[in-house]
Amino acid sequence: MSDSLTAETVRLAGHNGDEIEAYLARPEGGSPRGGVVVIHHMPGYDRGSKEIVRRFAELGYDAICPNLFYRDAPGAAPDDAAAANRAAGGVPDDRLAGDVAGSAAYLRALPTSNGKAGTIGYCSGGRQSVLAACRLDLDAAVDCYGAFVTGTPPEGFPLQVSNLVGELPRLRAPLLGLFGAEDSYPGPEQVAELEQILTEHGKDFEFHTYEGAGHGFFSTDRPSYNVAAANDGWERIETFFAKHLGA
């Protein structure tokens, strides 16, 4: 771990070569290290997401968060960009995979890279982290209460999203899943279905469900924040990435 780091807004090539905005944080020093792509939640490319990027830099990783809503509202405030993206039906899966691929490539091209890159996502980003690990060559993935990895969106759900049941047999990276027992999307039955599918296909995964925790228990600025669950979850994330990304 290091207290000294740099953070900045950068541009990178995302899906179809589109230039998008991203937030990059790097620890001081030139030692080889892994990279982490942080996939932000539906509220957007906001202060909380950038704090998470800096936390991974403090833990010794090069970390980056692509602005998944950049095309919908370049330069807009996070709330406005998120609203524009919702109105458009959300981030298409192909575009998400392309933006994460570009982000991982950016990290692997840094002179400090050890060649390894993983993803972590929260809420909608949790589902997208799993999606990326099914489609891309990643070294690790973390799903923090991602909705609709399994299960079906309710009638009238505003986003154009489907589950990943057809993608899961192609999961390419070890997966860590962190869930709340009081969550509805994903609820315990959806987590159990995901566990069953991954077991049937011989995938490398570990899941942890926290009693008394609901959706968004990592979010320090929300009433859903659960100190015990978040602290334990961070410890598990640190151990998982240390094992698979070699920081």
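This is a predicted model: local features need pLDDT of at least 70, side-chain atom pairs count only at pLDDT 80 or more; totals for chains, interfaces and linings use all residues.
1. Ground rules. Local features here need pLDDT of at least 70 and side-chain atom pairs count only at pLDDT 80 or more, while totals for chains, interfaces and linings use all residues. Residues are numbered from 1 along each chain as its sequence is written, and side-chain values use heavy atoms, with hydrogens and water left out.

2. The largest pocket. Its volume is about 910 Å³. (A pocket is an open set of points on a 1 Å grid over the protein atoms alone, with protein on both sides within 12 Å along at least five of seven lines; a cavity is a set where a 1.4 Å probe fits but cannot get out; lining residues have an atom within 4 Å of a point. Points are joined across faces, edges and corners, and a volume is the space filled by probe spheres set on them.) There are 47 lining residues, and H41, M42, P43, Y122 and C123 are the closest to the centre.

3. Two or more lining residues come from each of β3 (33–39), α1 (47–58), α2 (78–87), α4 (124–135) and α6 (227–245); helices (H or I, at least four residues) and strands (E, at least two) are DSSP runs, numbered from the N terminus. Helix α1 gives the largest share, 6 residues. By class, the lining has 22 nonpolar, 15 polar and 10 charged residues, where Ala, Val, Leu, Ile, Met, Phe, Trp, Tyr, Cys and Pro are nonpolar, Asp, Glu, Lys and Arg charged, and the others, Gly among them, polar.

4. Strands β1 (residues 5–13) and β2 (residues 19–27) pair in the antiparallel sense over 9 bridges; pairing needs at least two DSSP bridges. L12 has I20 of β2 as its bridge partner. Among the 5 residues between the strands, N16 takes a positive phi near 60°.

5. Helices α3 and α4. The axes of α3 (residues 93–108) and α4 come within 10 Å and cross at roughly 75°, so α3 is roughly perpendicular to α4. (Axes are lines fitted to C-alpha atoms, for helices over the stretch in contact, with angles from 0 to 180 degrees between N-to-C directions; 65 to 115 degrees counts as roughly perpendicular, under 35 as roughly parallel, over 145 as roughly antiparallel and the rest as oblique.) D93, D94, L96, A97 and V100 of α3 meet R127, Q128, L131, A132 and R135 of α4, contact meaning heavy atoms within 4.5 Å.
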